[in-house]
Amino acid sequence: MAEQEEVGCARPTGGPVGEEPSTENSQQQSVQKEERKMIMVGQKAPDFVAPGYQNGKFVNVRLSDYLGKWVLLCFYPGDFTFV
Amino acid sequence: MSIDSMFVHKMWDDDELKKMVSGGVPFPMLSDAGGRVGKIFGIFDESAGVETRGRFIIDPDGVVQGFEVLSPPVGRNVSETLRQLQAFQLVRETKGAEATPSGWRPGKQTLKPGIGLVGKVWEVWKTNQAFD
C-alpha cells in the first residue's frame, strides 16, 4: 500500500495530485483561489501524495491507493503534542 | 499528518510514542511540508503555519462521509470517531436501508427510513436513547 522510500539528504515533499501548474499571472491565481472548493460530505476527497514514516521505514503514500478501504485521515499541529 | 518532516516523525515515534503504544504507531505518519495538503482539505492555519485538528472519514469509494475540525488546544475523542466509523460502515453494509439515530452505538436500535416512519419516530425512538 505505502511504498518504501529511499532516503537521501533532501527533505521529500508531497502535495495534491492533479494540481494545476502555477502560473505567473497573479490575478488568475487569485481567481483560482476563490474557486477552491470546500470539502463536502458525500463528495470525493481530494487525492494527494505524501512522504511519511511507518514501522521503521520511510514510505510514500497516495490516498487513492487506499480505495476499497476505510480511511481515517487526521491532521494535527505538530509532533510532540497530543492528537 | 502534520507539517513535521518524516525524520521528526521517526524521532517522535522512537523517543516517545513507543513508550505509550507497544511497538509504536502502526499506521503511516505523513509529512505535509508547507501545509499543501492541509490547504486543499481546508484545515491549514495560514497565520500559525500549522495544521488544525482536522479529521476526515473517507469511505472505500474515496468519498468523504464525515469530518471534524478543532482548534489546537482541544484534543479529540477517539471513541466518538470510531463510533461514527462503525455507524457509516453499518449504513454502507445495509445499502442505506438502516440509519443510525442520535446516540446510536453498535448493538443499539437503528431506524429503517421509509414512508411508514414519517411522523412515527417518536413511537420507536425515545430521547433517552440519544445519551449513553
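Helices (H or I, at least four residues) and strands (E, at least two) are DSSP runs, numbered from the N terminus.

A word on the source. This is a predicted model, where local features need pLDDT of at least 70, side-chain atom pairs count only at pLDDT 80 or more, and totals for chains, interfaces and linings use all residues. Residues are numbered from 1 along each chain as its sequence is written, chains are lettered from A in the order in which they are written, and side-chain values use heavy atoms, with hydrogens and water left out.

Back to F80(A). It is not a glycine, yet its phi is positive, about 70°.

Now the rings. Over all chains there are nine aromatic pairs (Phe, Tyr and Trp, its six-membered ring, with centres within 6.5 Å; planes under 30 degrees apart are stacked, over 60 edge-to-face, the rest tilted). Y76(A) and W12(B) make a tilted one, 5.8 Å centre to centre and 45° between the planes. Y76(A) lies in the segment after β5 of chain A and W12(B) in helix α1 (residues 6-20) of chain B, so this pair joins two chains. Y76(A) is buried at 7%. W12(B) is buried too, at 5%. F80(A) also pairs with W12(B), tilted, at 5.9 Å and 45°. That pair joins two chains as well.

Last, one aromatic cluster: F48(A), F75(A), F41(B), F56(B) and F67(B).

Notes: Buried < 20%, exposed > 50% of the residue type's maximum accessible area, 1.4 Å probe, protein only.
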